[in-house]
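Let's take a look around this one together. Have the sequence and the 3D view open as you read.

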Amino acid sequence: MTTPLFLLRCIQLGLSMADLELLFIGLINDMYSESRNDDYKYAELATQEDFDRF
């Protein structure tokens with residue numbers, strides 16, 4: 001990942017320069033990956049009952 005791409009990802013996540021002092025690069029990459037999953041429509045979702053049995 002290049003520096004400009006990394007900074008673009010930070011902007012897309014709404015992170016400030018001050019936030020970057022508190023976060024690791026890997027964490028920011030994970031946050032971006034997970035943010036892309038927010039709109040995914042899963043075929044089956046776990047219920048509270050499923051979690052209780054787990």
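## Before we start

This is a predicted model, so local features need pLDDT of at least 70 and side-chain atom pairs count only at pLDDT 80 or more, while totals for chains, interfaces and linings use all residues. Residues are numbered from 1 along each chain as its sequence is written, and side-chain values use heavy atoms, with hydrogens and water left out.

## The overall layout

The protein chain has four helices and zero strands, running α-α-α-α from the N terminus on. Its radius of gyration is 16 Å, well over the 10 Å that the globule rule gives for 54 residues, so the chain is more spread out than a compact globule. (That radius is taken over C-alpha atoms, and the rule is 2.2 Å times the number of residues to the power 0.38. Helices, H or I with at least four residues, and strands, E with at least two, are DSSP runs numbered from the N terminus.)

Along the principal axes, the C-alpha atoms fill a box of roughly 45 × 20 × 15 Å. Of the 54 residues, 15% count as buried, where buried means under 20% relative accessible area, exposed means over 50% and partly exposed is in between (1.4 Å probe, protein chains only).

In helix 1 the buried residues are Phe6, Arg9 and Cys10. They cover an arc of only 100° around the axis, which puts them on the same side of helix 1; the arc is that of the directions from the helix axis to the C-beta atoms. On the other side of helix 1 you'll find Pro4 and Ile11, both exposed.

## Helix 3

Helix 3 takes in residues 25-36, twelve residues in total. From first C-alpha to last it reaches 17 Å, close to the 16 Å expected at 1.5 Å a residue (the expected span is 1.5 Å times one less than the number of residues). Ile28, Tyr32 and Ser35 are its buried residues. Seen down the axis of helix 3, they fall within an arc of 65°, so they line one face of the helix.

What do the buried residues of helix 3 pack against? Their partners are helix 1 (3-13) and helix 2 (17-20).

## The core and Leu15

The largest nonpolar core has five residues: Phe6, Cys10, Leu15, Leu20 and Ile28. (Such a core is a set of buried Ala, Val, Leu, Ile, Met, Phe, Trp, Tyr and Cys residues joined through side-chain atoms within 4.5 Å.) Leaving aside neighbours within four places in sequence, Cys10 is in contact with Leu15, Leu20 and Ile28, contact being heavy atoms within 4.5 Å.

Leu15 sits in the loop between helix 1 and helix 2 and is buried, with a relative accessible area of 19%. Not counting residues up to four places away in sequence, Leu15 touches Cys10, Leu20, Leu23, Ile28 and Met31. Between Leu15 and Ile28 there are 9.2 Å in space, C-alpha to C-alpha, and they are 13 residues apart in sequence.

## Out at Glu44

Now hop to the loop between helix 3 and helix 4 (48-53), where Glu44 has its place. Is Glu44 buried or exposed? Glu44 is exposed, with a relative accessible area of 71%. Glu44 and Leu7 are 35 Å apart in space, C-alpha to C-alpha, and 37 residues apart in sequence.
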